[in-house]
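User: I'd like to learn how to read a few features of a structure. Could you walk me through them?
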Amino acid sequence: MSNSGIDTQTIVAGLAVSLVDGVLSVTIDRPESLNSLTPPMLEGMADVMERAGGDPRVKVVRLGGAGRGFSSGGAITLADFWGSGSAMTYVEACNRAVRAIAAMPHPVVAVVQGPAAGCGVSLALACDLVLASENAFFTLAYTNIGLMPDGGASATVAAAVGRIRAMRMALLAEQVPAVEALACGLVSAVYPAADFQAEVDKVIERLLAGPPIAFAKTKEAINAATLELEPAFARELQGQALLLQASDFVEGASAFRQRRTPTFTGS
C-alpha cells in the first residue's frame, strides 16, 4: 500500500476492501466464523481507515460484514489468551481500529445485518451512522467469561444509550435486538431484512451528495462533545490486563468452550 492512498486489494486475510464511485467499502470477510476478528485484521482495518482520511477519492466509508453477521468479536482461543500476550495485542489492535474510525473526516456507516458482539460492537459504535437490519442484535458478553468491555465500548455505548442502559448491557451481557437498540439510541435506523441493502444504499447516496467539509466539522464537534476514547482505552487496557490473570477468566473461558454455566469465585 502506498502512503498516498488506499490499495483496493485485500489488505490481509479476512478483510476485503474496495473503492467505487467515492464509496470505500471495508468488509470483514470471515463468514464461516461469523466474521470473528484477529489482530492482523484489525491492524489492516486501521491502516485502511487512516489512509482513507487523506485520500481525495473517498467520500463515504461503508463498514460491514460478509454473510449473515457483522462480527462475533475476537477470534482468540483460551490458549491464545493465556500466557502468550495475544489478548492484549488484540485489545490494542481493536483500539487502533476504533480510533481510526472515529477520527475519519468522512462519514462512516456501519452496516449491521446480523449479530454484533464484543469488538464488533466497538467497531460499529465508532461509526457515525449505525444502520441495522431487523435481524441484527448487539451484545457485550465479556462478563460471561470474566472480562470487561474493551475497544472503547465503555465510552461509546454509554455515550449512545446513557449510563444505566450501558451498565445493563455490560453487566448482564444481554442481547439487544435491533428494534430495542433503536429505541434506546444504540443504532441510527432499523430496516426490514428484505429492504435492508436498498435502504443502506439510499443513505449512502445522501451522504455522497452532501457537503464534505461540513460533515468533517460536524463529526469533529459532536465527537469532541460526547466521546473521550483515550481515557476509556487506558482504563480498559488496565482492567483487562488484570482480569486476564484472574482465575475467574480461566473458569469463564473454560465454561464457554464446554457450554456450561461458569462458577465464579472472585479470584
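User: What radius of gyration would a compact globule with 267 residues have, and what does the chain have?

Analyst: The radius is taken over C-alpha atoms, and the globule rule is 2.2 Å times the number of residues to the power 0.38. For 267 residues that puts a compact globule near 18 Å; the chain has 18 Å, so it agrees. Its C-alpha trace spans about 55 × 40 × 35 Å along the principal axes. Mind that this is a predicted model: local features need pLDDT of at least 70, side-chain atom pairs count only at pLDDT 80 or more, and totals for chains, interfaces and linings use all residues. Residues are numbered from 1 along each chain as its sequence is written, and side-chain values use heavy atoms, leaving out hydrogens and water.

User: What share of the residues is buried?

Analyst: Buried means under 20% relative accessible area, exposed over 50%, and partly exposed in between (1.4 Å probe, protein chains only). Here buried residues make up 51% of the 267.

User: Which residues form the aromatic pair?

Analyst: Rings of Phe, Tyr and Trp (its six-membered ring) pair if their centres lie within 6.5 Å; planes under 30 degrees apart are stacked, over 60 edge-to-face, and the rest tilted. The structure holds one such pair. Tyrosine 191 and phenylalanine 196 form it, tilted, at 6.5 Å centre to centre with 40° between the planes.

User: Are those two buried or exposed?

Analyst: Tyrosine 191 counts as buried because its relative accessibility is 16%. Phenylalanine 196 is buried too, with a relative accessible area of 2%.
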